[in-house]
Amino acid sequence: MCFSLLHREYQSWIVTCLFIFSYAMMNYHSEEHQECHQVHELVKLQDLKHCTNDERTCVTDESHCGPRSHISHDLVNISCYFQPHERTIQCIWSPECNIKTKSMYSLIFSKTTAVYSCKAIFNPMAKLNVTIRIENQMNGIEFWSDPHEVILHEAIKPPPPNIISVIGTDNSLKVMWKKNDLYNSCRLRYRRFTTGKWIQIPFSVPEDRNETVSHTIEGLKHYSRYSIAISCIYITHWSDWSIEINGTTSESGK
């Protein structure tokens, strides 16, 4: 009887272990498939080529010209921005959440009218359709996304500001940087050097003819070192943060 009891307890222990193992593996695979990564694709104007069989389309690889038989609807949250200072367009999107499928991506640009030169397609007044080409590296099958309309004037991403100087008093820092016509408003962030959390200050850029812009950070600690960075926006996209510059307040009363 004791042996029978021990045998039943042993079987119950095995079943419990198998259940826990199966549940853990199911969660592991579920989390694995749900892991999503954003894709970034940058295209330079000088890399574009005209499609000889399609006068409305420009590509980075002429082999991407031609008919498109498979349309993928899995791409979501596509966002593109135009950097006129670098003559580039970058698009960011989230593909289907399946990390087991390795794919290669490329961007295809087209207009509703004829493109006379791909070297001039990134015109701030232009309206482009951006299509994402996806190639499954496991089976070689190609897919194309639905066209995503981009109005370049509204998709401009300005360059990061260039901080010129930081002048300190006992409890403030005056930050000065070069003005840019693409800056409508800016945000400044600062923190105690190497410590503390970032504190962010939003403000509008004054409409004057000065070549520089300045903003004073008040209420700082005496004789302390701070890290400072600035980002500015034109219409929709914020610039990258500027290079961090350090500034130090003076001793109290000096």
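This is a predicted model: local features need pLDDT of at least 70, side-chain atom pairs count only at pLDDT 80 or more; totals for chains, interfaces and linings use all residues.
Rings of Phe, Tyr and Trp, the last represented by its six-membered ring, count as an aromatic pair if their centres lie within 6.5 Å; planes under 30 degrees apart are called stacked, those over 60 edge-to-face, and the rest tilted. With that definition in place, I can present one group of residues: Phe82, Phe109 and Phe122 form one aromatic cluster.

Residues are numbered from 1 along each chain as its sequence is written, and side-chain values use heavy atoms, with hydrogens and water left out.

Let me begin with confidence and the overall picture. The predictor's confidence in each residue is given as pLDDT, from 0 to 100. The chain has a mean pLDDT of 80, and 81% of its residues reach 70 or more. Two segments call for caution.

The chain has one helix and 17 strands. Among contacts between residues at least 6 apart in sequence, 65% join residues at least 24 apart. Of the 254 residues, 34% count as buried; buried means under 20% relative accessible area, exposed means over 50%, and partly exposed lies in between, using a 1.4 Å probe and protein chains only.

I return now to the aromatic residues. How many aromatic pairs does the structure hold? The structure holds five. In one of them, the ring centres of Phe109 and Phe122 are 5.4 Å apart and the planes stand at 70 degrees, so the pair is edge-to-face. This pair links distant parts of the chain, since Phe109 belongs to strand E7 (residues 103–110) and Phe122 to the loop between E7 and strand E8 (127–136), 13 residues apart. Both Phe109 and Phe122 are buried. Tyr190 and Tyr226 also form an edge-to-face pair, at 6.1 Å centre to centre and 65 degrees between the planes. Tyr190 is in strand E13 (residues 185–192) and Tyr226 in strand E16, 36 residues apart, and this pair too links distant parts of the chain. Tyr190 and Tyr226 are both buried.

A charge sits over a ring if NZ of Lys or CZ of Arg is within 6 Å of the ring centre and within 35 degrees of the ring normal. The charged end of Arg189 sits over the ring of Trp198, 4.4 Å from its centre, and that of Arg225 sits over the ring of Phe193, 4.2 Å from its centre.

The next topic is salt bridges. Side chains of opposite charge can pair when their charged atoms come close. The term salt bridge requires a side-chain nitrogen of Lys or Arg within 4 Å of a carboxyl oxygen of Asp or Glu, and the structure holds three. Which residues are linked in a network of salt bridges? They are Arg133, Glu135 and Glu142. Arg133 meets Glu135 at 3.2 Å, N to O, and Glu142 with closest N and O atoms 2.7 Å apart. Arg133 is buried at 6% relative accessible area, whereas Glu135 is partly exposed at 24% and Glu142 is partly exposed at 28%.

A further salt bridge joins Asp240 and Lys157 at 2.9 Å, N to O. Asp240 lies in the loop between strand E16 (225–233) and strand E17 (245–248), and Lys157 in the loop between strand E10 (148–151) and strand E11 (163–168), so the pair ties together parts that are 83 residues apart in sequence. Asp240 is partly exposed at 42%, while Lys157 is buried at 7%.

I close with one cysteine. Where does Cys65 lie? Cys65 is in the loop between strand E3 (54–59) and strand E4 (71–72). Leaving aside residues up to four places away in sequence, Cys65 touches Cys51, Asn53 and Val59.

Methods:
Helices (H or I, at least four residues) and strands (E, at least two) are DSSP runs, numbered from the N terminus. Contact means heavy atoms within 4.5 Å.
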